[in-house]
Amino acid sequence: MRSRLSVFGLVASLCVASPLSAQTHFTFVNGGTVTAFGYYVGAYNGTAGTGASQKAVVLNCVDFFHEVYFGSQWDANLSSLGTGAGVGIYTRESNINLYRQAAWLTSQYAAASNYDVGQIQATIWNLFQPAGVTASSNYWLTQAQNNYQTFDYSGYYVVTDVNAADPNSIQEFITKDVVPTTSTPEPASMFLLGSGLIGLAGVRARRKQSRPT
C-alpha cells in the first residue's frame with residue numbers, strides 16, 4: 001500500500017507542479033560605450049555560463065526600473081522568443097509581441113548612430129512601461145510595429161532574474177544564441193511522465209485486486 005500511495009503522490013506532484021524553465025548563470029561586464037539621458041544605452045556586454053562553458057554575450061536592456069552593476073552575477077530563466085516558451089511565466093511582462101518588437105529594435109543597433117542608439121533604447125524601455133525617458137519621435141516605434149512580424153526570432157531569449165519578484169533583482173535583458181546551462185523538462189514532458197506513472201499505478205492496483213484470497 002505504501003508503494004502505491006507514493007506513486008500516486010509523485011504523479012500528483014508532477015501534474016500540478018509549475019512548469020520549469022531553462023536557466024543559466026550571467027555576469028554583467030559593462031554597459032558598452034554609448035550613453036544618453038544619463039544612462040548607458042544600446043548593447044551591453046556580459047558573459048553566460050561558468051567555467052569552461054562561459055562565453056561572451058550581448059545583453060540588451062528592456063527594463064528601466066531595475067538595476068545592474070559592473071560585475072553583477074545572477075542566475076536567470078531564459079524564455080524563448082522563437083517558441084514563446086516561458087514568456088508570461090518567467091518574464092516580467094506577458095506580451096510576447098512587445099518582447100519581439102524589442103528584439104527587432106536591438107537588431108538595429110549595429111547600423112545606428114549614437115544618437116539613434118539612444119532613441120532606440122528609449123523606445124524599447126517605453127514599450128513595456130513609461131520610463132520617463134522619451135524618444136524625440138515615434139519613428140523607431142513605428143518601424144518596430146511594421147517590421148517585427150517578419151523577423152526570425154530563433155535563438156533570441158528574454159533573460160529574467162530567477163528572483164524577479166524581489167524589487168532588488170537584476171534588470172531584464174534580451175540576448176541571442178545563449179545555450180542554457182541547465183535544461184529542465186517542458187510541461188508537456190512532465191504531463192506525459194505523470195500519465196505513464198498513473199498507468200503503472202493502475203496496473204499495480206489491478207494486479208493486487210486480481211490475486212486469489
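**Exercise 1. Work out which residue classes make up the lining of the largest pocket.**

*Solution.* Step 1: sort the lining by class, where Ala, Val, Leu, Ile, Met, Phe, Trp, Tyr, Cys and Pro count as nonpolar, Asp, Glu, Lys and Arg as charged, and the others, Gly among them, as polar. The lining then has nine nonpolar, three polar and one charged residues.

Step 1: look towards the centre. Of the 13 lining residues, Tyr39, Tyr40, Tyr44, Val68 and Gln171 lie nearest the centre of the pocket. Here a pocket is an open set of points on a 1 Å grid over the protein atoms alone, where a 1.4 Å probe fits, with protein on both sides within 12 Å along at least five of seven lines; lining residues have an atom within 4 Å of a point.

Step 2: The largest pocket holds about 310 Å³ of space, a volume being the space filled by probe spheres set on the points, with grid points joined across faces, edges and corners.

A word on the model before going on: it is predicted, so local features need pLDDT of at least 70 and side-chain atom pairs count only at pLDDT 80 or more, while totals for chains, interfaces and linings use all residues. Residues are numbered from 1 along each chain as its sequence is written, and side-chain values use heavy atoms, with hydrogens and water left out.

**Exercise 2. Find where Ser169 sits and what its side chain reaches.**

*Solution.* Step 1: Ser169 belongs to the loop between strand S7 (156-161) and strand S8 (173-176); strands (E, at least two residues) and helices (H or I, at least four) are DSSP runs, numbered from the N terminus.

Step 1: Ser169 has a relative accessible area of 4%, so Ser169 is buried (under 20%; exposed is over 50%, partly exposed in between, with a 1.4 Å probe and protein chains only).

Step 2: the Ser169 side chain makes a polar contact with the side chain of Arg92 at 2.9 Å, and reaches the backbone oxygen of Asp166 at 2.7 Å. A polar contact is a pair of N or O atoms within 3.5 Å; within protein, one must be able to donate a hydrogen and the other to accept it, and residues adjacent in sequence count only if both atoms are side-chain atoms.

Step 3: leaving out residues up to four places away in sequence, Ser169 touches His66, Glu67, Arg92, Asp161, Asn163 and Ala164 (contact means heavy atoms within 4.5 Å).

**Exercise 3. Describe how helix H2 is capped and covered.**

Step 1: H2 spans residues 96-106, and its buried residues are Tyr99, Gln101, Ala102, Ala103, Trp104, Leu105 and Thr106.

Step 2: their cover includes strand S5 (55-61), helix H3 (114-128), helix H4 (139-147), S7 and S8.

**Exercise 4. Locate Phe37 and Asp177, and state the phi of each.**

*Solution.* Step 1: recall that most residues other than glycine have a negative phi. Phe37 has a positive phi of about 60°, and Asp177 also has a positive phi of about 60°.

Step 1: Phe37 lies in the loop between strand S2 (35-36) and strand S3 (39-40), while Asp177 lies in the loop between S8 and helix H5 (187-210).

Step 2: Phe37 is partly exposed, at 37% relative accessibility, and Asp177 is partly exposed at 42%.
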